[in-house]
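Here is a short briefing on one protein chain. Look at the model first, then read the points below.

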Amino acid sequence: MLRYWKVLKVGIKMMISVKDKKAFLRWLVKNVSFKHREIVWLLNYLAEHEVILANVHFVELAEATQRGLQIRDSASEGEDLILFLKGRTFTDSDQIFHEIRLNWQSPLYLECIFEDAWQNLLFLSILEDNPAIPWNKRVSEEIHEEVATFLSKDELQQRLAFLYQEIDRSLEEENREEFITLTDEVKEVKEKIANL
């Protein structure tokens, strides 16, 4: 169910408040452990500087952006702090901190990788679509077709349920013409469902 949160964001430019971002960063520092204390310092720095935080966007796949920062909790494999800057990568925490401090007016795309992230409502509430690779561009054509088929079938099944109610009503009212029209439509809808 939580993955459907993204669907709600499609086509909408999300304006995430600095207050919400700050609340998430405070939660992250308090509840997630990191291999290096510099990550905690960096997250606290972002939380304390609202002017910088206003330009921070929480995304997936930060490496695809022009200026992305990826942090990982201690349970995740891989480098725990990486800055992606115009195709180059940096892992030195001092260098990363100074880049963020000096270029505070530029958008920074922050990816937070931690256990059970998709079950965390605070995280999901501040997650934005990555402008470099929107999530719906990463979905295969096969998935698009499956979703379209599912929605079409669901719509037809709802129509079928409505028609059955109308048939019951026409029987109660002894309306033969309406009954025949409705049963013909039920046959058509069932045929459409069978052909999906």
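Predicted model: local features only at pLDDT ≥ 70, side-chain atom pairs only at ≥ 80, totals over all residues.

Residues are numbered from 1 along each chain as its sequence is written, and side-chain values use heavy atoms, leaving out hydrogens and water.

**Overall shape**
- The chain has a radius of gyration of 25 Å, but a compact globule of 196 residues would have one near 16 Å.
- That radius is taken over C-alpha atoms, and the globule rule is 2.2 Å times the number of residues to the power 0.38.
- Along the principal axes, the C-alpha atoms fill a box of roughly 80 × 30 × 30 Å.
- Of the 196 residues, 34% are buried (under 20% relative accessible area, with a 1.4 Å probe and protein chains only).

**Fold**
- The chain holds 8 helices and 5 strands (DSSP runs: H or I of at least four residues for helices, E of at least two for strands, numbered from the N terminus).
- Along the sequence, the pattern reads α-α-α-α-β-β-β-β-α-β-α-α-α.

**Helix 7**
- Glu145 lies in helix 7, which spans residues 141-172.
- Leu151 is in helix 7 too.
- Glu145 counts as partly exposed because its relative accessibility is 48%, and that class runs between the 20% limit for buried and the 50% limit for exposed.
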